[in-house]
Amino acid sequence: MYSPLVVDHFKHPRNVGAVAEATARGRAANPGCGDVVELSLRVEEGTIREARFRATGCVPTIACASRLTELILGVTVSDALGIGRDTLVEAVGGVPDASRHAAQLSVAALRLALGTKGGSPPERRGREAR
Amino acid sequence: MATVYLDNNATTQLLPEVFEAIRPFFSDRFGNASSSTMRGQRARGAIDEARGQVARLVGAAPGEIVFTSGGTEGDNLALRGVISPGDHVITCAIEHHAILHCCRRLQALGATATILRVDGEGRVDPDDVRAALQRRTRLISIMAANNETGTIQPVEEIGRIASEAGVLFHTDAVQAAGKIEIDVERVGCDLLTLSGHKLHAPQGIGALYVRRGTLLQALLHGGPQEGGRRAGTENLAGIVGLGKAAELASAWLGDGGGEELRALRDRFEAEVVDRIEEARVNGRGAPRVPNTSSIAFERISGRALVAALDLRGITASTGSACNAGSADPPYVLTAMGLAPELAHASVRFSASKLTTGADVAAAVDCLAEEVGRLRAMAPLRTGRSAV
């Protein structure tokens with residue numbers, strides 16, 4: 001069973017689409033299950049001013065991408081990079097263990113958009129189990 | 001919220017008549033059919049009656065029906081009951097895992113197996129069956145109809161090939177029985193698997209047809225039940241339920257129920273393809289059982305669509321379950337040559353005699369909306385994979 005927040009984001013995803021004048025884009029795909037998340041961002045003076053997503057995937061994949069666009073809005077790039085898989089899982093009210101990779105996909109797209117190639121920033125590495 | 005159940009290839013609703021038939025066996029008509037008491041013999045009589053009802057569904061003699069716990073046991077009994085180390089078995093790539101995994105186990109025990117490919121519609125070529133025969137071939141096992149697409153295999157032709165070669169022929173008819181006419185003499189099979197809960201009987205009951213004279217080693221050893229071919233006190237209520245469901249299925253088929261269901265299914269497919277762009281019916285060119293539609297909706301995840309429909313009260317299914325980031329596309333569809341992304345984008349809809357025109361209309365409306373909604377959030381086609 002999915003959390004009410006996961007269901008809500010799946011049924012009513014926030015910030016769907018692409019930012020018209022994006023300054024950063026990230027696209028992460030999981031060839032294992034065919035899921036894809038694309039993020040586009042407008043970053044001004046080190047702060048994320050706009051975030052939108054497109055996704056093909058299961059319920060948690062869409063919910064996590066949607067929730068992530070809310071979490072990073074108005075947040076500095078540095079703080080956004082601090083959002084990891086477990087943070088996102090918690091922010092959607094939890095997902096089944098077998099679906100935690102769905103959150104990782106959105107996090108990977110975000111880090112690719114912000115130029116860290118999907119890895120955890122050095123100061124955070126080790127905090128989140130992968 | 002109104003509900004529409006289109007997952008009858010997974011399991012079916014117990015028919016009210018079946019429920020009424022089995023109810024007394026949970027109360028005053030309980031008994032052990034192996035007992036010589038009046039109570040036991042009344043139970044025996046009920047089992048005998050059910051055996052006849054099941055036999056009539058497939059054109060068999062009552063003594064050729066062995067009750068099992070369901071399709072998986074029937075398939076395992078058919079294969080493991082006749083295959084010995086050194087024997088060769090021929091089957092195909094889109095069989096149920098009850099066959100494929102059983103073959104894997106038999107291979108580990110020293111048997112050999114040939115897994116035949118299927119064409120783009122999911123059909124086995126009988127010439128491939130003939131070409132795969134070996135001196136040690138003991139059994140051909142090809143399903144009557146596929147669970148994912150409903151594709152009907154050319155079992156009568158394969159039965160003739162088996163007969164000419166002096167090889168046993170088993171067909172897994174779990175998804176065919178009760179949906180199309182099946183006659184063991186016309187098919188020419190020696191073994192045929194049935195499952196109760198796919199034809200409105202309870203879960204936990206099934207049957208294996210075993211042609212008279214076929215040597216079959218039991219999987220379960222113990223008492224003398226089922227002629228020594230399946231030990232264990234009989235599932236009395238389940239057997240009675242399967243018998244009643246088989247009788248009702250025979251009558252339904254005889255009254256043209258299958259053709260009515262086919263018309264409903266065809267209307268569903270026509271409306272889906274008409275209203276939803278880039279939707280294609282998998283296996284459309286092959287003969288299919290009348291209740292099954294496998295449809296690929298490009299640019300969406302079948303798992304997401306099933307979930308979206310579920311939230312609106314419509315139950316369908318996808319052959320793919322995600323587990324820790326790895327969700328193999330449905331193997332039946334990739335074996336038919338579908339690209340993984342189309343297989344991932346496929347959803348199975350399976351109706352039953354209880355499905356109504358209103359159900360289908362509601363399902364099409366919801367489908368059109370949800371496919372549109374999911375595609376609106378899908379990445380555009382021009383993306384580049386970065387991970």
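Two strands count as paired if DSSP finds at least two bridges between them. Strands here are DSSP runs of E of at least two residues, helices are runs of H or I of at least four, and both are numbered from the N terminus.

Before I use that, a word on the model. It is predicted, so local features need pLDDT of at least 70 and side-chain atom pairs count only at pLDDT 80 or more, while totals for chains, interfaces and linings use all residues. Residues are numbered from 1 along each chain as its sequence is written, and chains are lettered from A, with ligands numbered from 1, in the order in which they are written.

I start with strand β8 of chain B, residues 206–210. Which strands pair with β8(B)? Strand β7 of chain B, residues 191–195, runs antiparallel to β8(B) and is joined to it by five bridges. Within that pair, B:T193 has B:L208 as its bridge partner. Strand β2 of chain B, residues 65–68, is also antiparallel to β8(B), with four bridges. There, B:T68 stands opposite B:G206.

Is β8(B) mostly covered or mostly open? It is mostly covered, with five of its five residues buried. Buried means 20 or more other C-beta atoms within 10 Å of the residue's own, exposed means 12 or fewer, and partly exposed lies in between, with C-beta atoms placed from the backbone. In a regular strand, side chains alternate between the two faces of the sheet. In β8(B), B:G206, B:L208 and B:V210 point one way, and B:A207 and B:Y209 point the other way.

Next, the loop between β7 and β8 of chain B, where B:H200 sits. B:H200 is not a glycine, yet its phi is positive, about 70°. B:H200 counts as buried, with 28 C-beta neighbours inside 10 Å.

A:N15 lies in the loop between α1 (4–11) and β1 (24–30) of chain A. A:N15 is partly exposed, with 19 other C-beta atoms within 10 Å.

Last, the domains of chain B. Their bounds come from an automatic or database domain assignment, which gives domain 1 as 4–11 + 256–376 and domain 2 as 16–253. Taken over C-alpha atoms, their centres are 27 Å apart.
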